[in-house]
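Q: Please take a close look at a single part of this entry, and describe it in one connected account.

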Amino acid sequence: MGKKVLIVDDSNTMRKIVTRSLRQAGLDFEEILEAGDGLEALAVLRGQKVDLILSDINMPNMDGLAFLREKSADDSLKSIPVVMITTEAGNDIIGEAKSLGAVGSIKKPFTPEQIQETVGSIF
Amino acid sequence: MRNNDHAALLAVTETLENLAFMEAFPVQEDVSSAHMEMTAALLIHEPQQGEIRIALPVALLEGIAQNVFGMPAEGMALPDTRDLLAELLNTIAGRYLIELLPPDQPFRIGLPELDQPPAFGEDLCTMWHFRVDEHLLTLSVSHHSDNYSS
């Protein structure tokens with residue numbers, strides 16, 4: 001695919017699970033980057049080109065919604081698609097994420113098929 | 001089956017299957033002698049106050065870790081094991097509430113805490129036991145009311 005994806009989650013476990021699921025889904029990214037919160041994610045994004053972001057919502061330092069706000073305010077970053085990976089179900093949280101630019105959401109626990117369906121549709 | 005029984009069953013079985021490729025079976029067993037060394041709990045803040053807690057033996061957590069991380073348990077650092085336990089609880093808790101509550105009912109949960117005493121008394125607690133390989137895992141939920149309908 002030749003594309004780079006950034007996984008944003010404060011849980012090392014979840015970052016590994018997402019990475020594993022992307023590979024099991026047959027999504028062949030050139031590079032999979034990681035960040036532990038929104039602040040780290042912004043630092044990564046300002047250092048290299050990324051084609052997709054998969055982000056948790058509840059994180060310390062800068063949560064997923066705050067990250068979306070910062071990203072959408074930056075002309076060089078705002079067009080990068082973001083998919084939220086979350087335990088949240090309420091339409092209010094997901095709705096707010098989408099109003100801030102998220103293109104989709106995946107609920108935990110997810111299967112590789114669900115990852116494939118959501119991420120595959122973006123590319 | 002009561003709603004919370006179904007929610008608990010789905011939460012645990014789906015989480016273990018999707019995260020760790022393991023099967024969990026509900027059991028009615030006396031777990032008083034089981035060694036459940038690893039515990040994690042988080043608070044439910046909305047729609048009603050409560051707590052969700054899991055307990056399991058170290059050996060089961062190590063087995064889950066091997067499946068999740070794809071490496072021998074001996075090679076794992078303790079912080080990774082504890083992070084796994086926290087994420088396991090976070091996922092089970094979210095799935096449980098999604099299944100239990102009316103569609104699109106928002107909820108708010110706290111961060112997982114490890115090795116903490118129960119926040120509520122046993123009289124307010126419902127427990128479910130699951131067999132995973134040769135080990136037992138216990139999920140318990142405490143809340144002020146069984147009625148989460150909005």
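A: Two strands count as paired if DSSP finds at least two bridges between them. Strands (E, at least two residues) and helices (H or I, at least four) are DSSP runs numbered from the N terminus. The model is predicted, so that local features need pLDDT of at least 70 and side-chain atom pairs pLDDT 80 or more, whereas totals for chains, interfaces and linings use all residues. Residues are numbered from 1 along each chain as its sequence is written, chains are lettered from A and ligands numbered from 1 in written order, and side-chain values use heavy atoms, without hydrogens or water.

In chain A, β3 (residues 52-55) and β4 (residues 82-86) run parallel and are joined by three bridges. Within this pairing, A:Ile53 lies opposite A:Val82 of β4(A). Both strands belong to an open, parallel-paired sheet of five strands in chain A, ordered β2-β1-β3-β4-β5. Because β2 (31-35) and β5 (104-107) of chain A stand at the edges with a single partner strand each, one side of each has no neighbour in the sheet.

Chain A also meets chain B: 19 residues of chain A are in contact (heavy atoms within 4.5 Å) with 22 residues of chain B. The rule finds one salt bridge across this interface (a side-chain nitrogen of Lys or Arg within 4 Å of a carboxyl oxygen of Asp or Glu). A:Lys108 forms a salt bridge with B:Glu87, and their closest N and O atoms are 3.0 Å apart. On the side of chain A that touches chain B, the elements giving two or more residues are α1 (12-24) and α4 (91-99) of chain A. The largest share of that side, seven residues, comes from α1(A).
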